[in-house]
Amino acid sequence: MRVKPDSTISEQNEGEALSIKNINVPIPKLDLQVNYWKHWTKVGINFNQAAFSDNWKLGGLNSYAIGGIIWHKSEFNRNNFNFTTELDLKYGKVKNEGQLAKPNNDRIFWDNKLAYKLTKSWAVYLSLTYETQFDNAYNYGKDTEGNEIINRF
């Protein structure tokens, strides 16, 4: 047989009302602001070396190269406006055995886009892009004495 469970909740006399007290809970003032900007950045430095011994029959040039990159993108979104700017800087040089050092990665790229959304399906768009190089080395050759030169124009 099962034992009848105890059904008494409290030892208070029946008919007494419970008193409820109000308490004040302090709510901290949060000074939050919405930031409509997002930013991304990447930075890198690369080094490469190739060395061949005299016993290597298949040929090849000893060389070393160094390069660096900086990339940044910022984006602004608010209501129907969108602005995006991107900057990509790359520069590197390679030095082969018996030759002058030459640029192997050379770029300055800056892209800006502004858009305004007119309706769900239509938007106005404006873009401005600038692209150039750090170095102005275009033509490589040898002078009359056999020395390698860089013709910049």
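In which strand is the place of Asn96? Asn96 sits in strand 3, which covers residues 81-96; strands are DSSP runs of E with at least two residues, helices are runs of H or I with at least four residues, and both are numbered from the N terminus. The model is predicted, and local features need pLDDT of at least 70, side-chain atom pairs count only at pLDDT 80 or more, and totals for chains, interfaces and linings use all residues. Residues are numbered from 1 along each chain as its sequence is written, and side-chain values use heavy atoms, with hydrogens and water left out.

**The whole chain**

Of the 153 residues, 13% are buried, where buried means under 20% relative accessible area, exposed over 50%, and partly exposed in between (1.4 Å probe, protein chains only). The chain exposes about 13900 Å², and carbon and sulfur atoms supply 55% of that area; accessible areas come from the Shrake-Rupley method with a 1.4 Å probe, and for residues only the protein chains shown count as cover. Among contacts (heavy atoms within 4.5 Å) between residues at least 6 apart in sequence, 43% join residues at least 24 apart.

Select Asn96 together with Ser63. Leaving out residues up to four places away in sequence, Asn96 touches Leu61, Asn62 and Ser63.

Next, select Ala50, in strand 1 (residues 37-50). With the same exclusion, Ala50 also touches Leu61, Asn62 and Ser63. The C-alpha atoms of Ala50 and Leu61, 11 residues apart along the chain, are separated by 7.6 Å. Ala50 counts as partly exposed because its relative accessible area is 27%.

Move to Glu75, in strand 2 (residues 63-78). Glu75 is buried yet has no salt bridge, and the nearest side chain of opposite charge, Lys73, is 4.3 Å away. A salt bridge requires a side-chain nitrogen of Lys or Arg within 4 Å of a carboxyl oxygen of Asp or Glu; for charge, Lys and Arg count as positive and Asp and Glu as negative, while His and the chain ends are not counted. The side chains of Glu75 and Asn77 are joined by a polar contact of 2.9 Å. Such a contact is a pair of N or O atoms within 3.5 Å; within protein, one must be able to donate a hydrogen and the other to accept it, and residues adjacent in sequence count only if both atoms are side-chain atoms. Beyond four places in sequence, the contacts of Glu75 include Tyr36, Trp37 and Phe83.

Then select Asp106, in strand 4. Asp106 is likewise buried without a salt bridge, and Lys93, the nearest side chain of opposite charge, is 8.2 Å away. The Asp106 side chain reaches the backbone nitrogen of Phe134 at 2.7 Å and that of Asp135 at 3.0 Å.

**The nonpolar patch**

Finally, select Phe81, Leu114, Tyr116, Leu118, Trp122, Val124 and Leu126, which form a nonpolar surface patch with about 740 Å² of accessible area together. Patches are made of residues with over 30% relative accessible area and no salt bridge: like charges are joined within 9 Å, nonpolar side chains (Val, Leu, Ile, Met, Phe, Trp, Tyr) within 5 Å. Strand 4 (102-117) and strand 5 (123-132) each supply at least two of its residues. Trp122 lies in the loop between these strands and counts as exposed because its relative accessibility is 63%.
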